[in-house]
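Trainee: Please take me through one part of this structure closely. I would like the sheet, the helices packed on it, and then the contact between the chains.

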2 protein chains.
Amino acid sequence: MKKIINEPANVVPDTLEGLALSDPTLVYSKGFEVISRKERREKVGLVSGGGSGHEPAHAGYVGKGMLDAAVAGNVFASPGPEGILEGINMANNGKGVLLVIKNYSGDIMNFDMAKELAEMDGIEVESVIVKDDVAVPDSTYSTGRRGIAGTIFVHKLAGAKAEMGGSLAEVKDVALKTIENIRSIGMSMSSCILPAVGKPGFTIEDNEMEVGMGIHGEPGVERTAIRPSKELAEILVSKILEDYDYIGSEVALMVNGLGGTALMELYILNKDVHELLESKNVKVYKTLVGNYMTSMEMAGCSITLLKLDDELKELLDFPCETPALKL
Amino acid sequence: MKKIINEPANVVPDTLEGLALSDPTLVYSKGFEVISRKERREKVGLVSGGGSGHEPAHAGYVGKGMLDAAVAGNVFASPGPEGILEGINMANNGKGVLLVIKNYSGDIMNFDMAKELAEMDGIEVESVIVKDDVAVPDSTYSTGRRGIAGTIFVHKLAGAKAEMGGSLAEVKDVALKTIENIRSIGMSMSSCILPAVGKPGFTIEDNEMEVGMGIHGEPGVERTAIRPSKELAEILVSKILEDYDYIGSEVALMVNGLGGTALMELYILNKDVHELLESKNVKVYKTLVGNYMTSMEMAGCSITLLKLDDELKELLDFPCETPALKL
């Protein structure tokens with residue numbers, strides 16, 4: 001197994017400790033596998049999390065203007081309610097806490113349990129569920145659409161609203177509005193290797209890709225020959241536009257790498273997506289290109305579009321300072 | 001070939017166009033393959049560049065507080081003197097231009113020719129050569145040590161000095177001081193695929209890594225079984241400490257991914273490097289973890305240490321705003 005790790009059982013705490021050591025504004029709660037902000041301010045707390053293996057998600061988005069705490073489960077496994085409760089406690093500064101949950105059954109169950117526990121402790125908690133992946137209606141680990149890279153826009157915009165002093169209801173409204181206007185779809189060209197397993201979970205032939213594959217290797221919509229970037233852009237963007245009408249709108253665009261794809265390729269895809277969107281009268285207001293929501297070393301990418309109005313633009317432009325995103 | 005590209009011959013212009021589309025502060029000079037800052041200020045200009053395939057280097061470091069222009073050659077090939085001259089022209093605002101060159105024979109030849117051409121046009125040009133890789137004394141494409149990820153610290157610190165209004169001589173002095181105090185070493189676990197070739201340039205066995213391999217796949221010092229992260233940290237850090245005495249000093253640390261290695265692994269390695277440095281009384285003042293100088297989708301990493309004094313700390317802490325680094 002070609003991985004830079006120590007004991008496979010320790011990859012999650014080792015990763016979070018390594019992250020906290022890279023950023024002095026963060027605190028790592030060992031045992032709970034929570035990364036939170038050192039600085040506590042009287043504001044609505046924002047908590048997210050989920051299985052590990054998607055780095056920098058979610059711990060890399062903890063910081064000013066985004067999350068207050070992120071809770072990490074084992075690789076591709078939901079965190080337990082105790083960890084999530086610790087995350088809520090670390091994020092709670094008396095103004096309530098919003099949970100941003102990706103739509104996977106395990107995450108929803110455990111975040112809901114933690115929410116109940118926190119409410120018994122007198123903390124006001126709300127939650128939203130991100131389901132941005134247009135690929136399939138239901139999936140291996142989810143009823144309804146999966147939550148993928150679009151989640152980072154929810155962190156960004158709800159995080160800005162919280163940082164600006166919004167109430168819990170207002171921050172939740174921003175999160176819901178963002179979720180409503182986001183669509184994503186991905187494609188994979190290789191499997192990744194779970195540290196505890198030591199070999200690929202599946203294989204894709206040398207000349208093949210799978211359109212719509214999930215970030216845990218869940219089945220997509222189509223296995224097909226690898227296409228030139230221009231055609232790939234057409235395939236991915238058209239699946240998004242079939243689902244939601246972005247024509248004539250201003251959007252934020254994310255071209256996300258799954259971890260094993262060269263940045264060169266993401267930039268090339270970005271060019272083709274930009275040209276395609278322009279030809280369809282979709283105006284790109286802001287672009288993010290990079291590895292934002294990965295599947296460890298999986299080769300592949302995803303595209304996310306978020307429709308913007310003046311409110312969302314202001315929130316997108318509000319500064320954030322996290323290990324993985326500074327705007 | 002599992003790459004998101006169009007024509008292999010066009011990967012460089014497509015990449016640079018995609019980068020420029022992601023950041024409205026940048027300009028792309030097509031044909032010259034130069035990325036430069038839209039905003040022109042009366043300051044010393046800073047220009048770097050080299051072969052493509054190391055994204056985000058170097059075009060991703062163009063922006064406030066770092067480079068004024070970056071010139072891209074073909075994949076793993078030096079840019080020609082015309083492109084470099086265009087970079088100098090785009091960076092020149094009447095206060096002189098400093099060229100930051102990685103120590104590869106082709107780069108030095110072409111940057112030197114461009115320097116002469118610019119001087120004939122009346123532009124004052126100085127240059128520095130980065131040779132931070134302690135792995136081998138000479139290499140396939142270099143006489144003397146290779147220049148690798150440490151180059152980004154040179155961009156950062158010399159860029160800060162230029163942004164603060166330093167003279168050409170002062171900016172060059174900062175670059176030289178940085179170069180003097182930087183050491184790096186890498187290791188690779190897989191080959192990358194050149195778009196124009198379509199297959200791996202070499203193979204590494206499933207359980208092997210090559211310590212000290214160059215960012216173009218140049219031979220390293222040792223091919224050995226893959227080690228746990230803790231041992232890898234020992235191997236890499238000890239090679240650096242054998243070469244330069246960082247004991248008792250404050251340092252900037254970069255844990256760099258070569259493009260195909262998961263961020264999780266880089267964080268794990270960061271933890272082990274931090275603990276090791278602490279045990280050796282090397283104090284880490286600032287840490288960068290990410291894909292800063294890649295070999296496309298190569299799996300592997302490098303470690304860079306930079307010894308800091310008050311002047312270098314101030315320059316490191318000075319803000320920068322580029323696609324690949326915001327501090």
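Mentor: Start with L26(A), which stands opposite R37(A) in β2(A). This is a predicted model. The strands involved are β1(A) and β2(A), the latter spanning residues 34–37. They pair in the antiparallel sense, over four bridges. In general, the strands of a sheet pair through backbone hydrogen bonds, either parallel or antiparallel.

Now widen the view. Six strands of chain A form an open sheet. The order is β1-β2-β4-β3-β5-β6, and the pairing is mixed. At the edges sit β1 (26–29) and β6 (125–130) of chain A. Each of these edge strands pairs on one side only. On average, neighbouring strands of the sheet are turned by 20 degrees against each other, direction ignored.

Next, the helices. α1(A) lies across β1, β2, β3 (45–52) and β4 (69–75) of chain A. Its direction is about 150 degrees to β4(A). Helix α3 of chain A, residues 105–120, lies across β3, β5 (97–102) and β6 of chain A. Here the angle is about 165 degrees, taken to β5(A). So much for the sheet.

On to the chain contact. On one side 54 residues of chain A take part, in contact with 54 residues of chain B. Between them the two chains bury about 4400 Å², 64% of it on carbon and sulfur atoms. In chain A, the residues that lose the most area to chain B are K2(A), I4(A) and M264(A). Together they make up 21% of what that side buries.

Then the polar side of the account. The count between chain A and chain B is two salt bridges. In a salt bridge, the side chains of K271(A) and D14(B) meet at 3.9 Å, N to O. Residue pairs in polar contact between chain A and chain B number 20, both partners at pLDDT 80 or more.

Which elements carry the chain A side? Two or more residues each come from α1 (11–22), α6 (229–243), α7 (263–279) and β11 (283–290) of chain A. Among these is α1(A), the helix that also lies across β1, β2, β3 and β4 of chain A. The largest share belongs to α7(A), with 11 residues. By type, the residues of the side of chain A that touches chain B divide into 24 nonpolar, 15 polar and 15 charged.

Methods. Residues numbered from 1 in each chain as written. Chains lettered and ligands numbered in written order. Predicted model: local features only at pLDDT ≥ 70, side-chain atom pairs only at ≥ 80, totals over all residues. Heavy atoms only, no water. Contact = heavy atoms within 4.5 Å. Buried area = accessible area lost by both parts, 1.4 Å probe. Salt bridge = Lys/Arg side-chain N within 4 Å of Asp/Glu carboxyl O. Polar contact = N/O pair within 3.5 Å; in protein donor to acceptor, adjacent residues only side chain to side chain. Nonpolar A, V, L, I, M, F, W, Y, C, P; charged D, E, K, R; others polar. Pairing = 2+ DSSP bridges. Axes fitted to C-alpha atoms, helices over the stretch in contact; angles between N-to-C directions.
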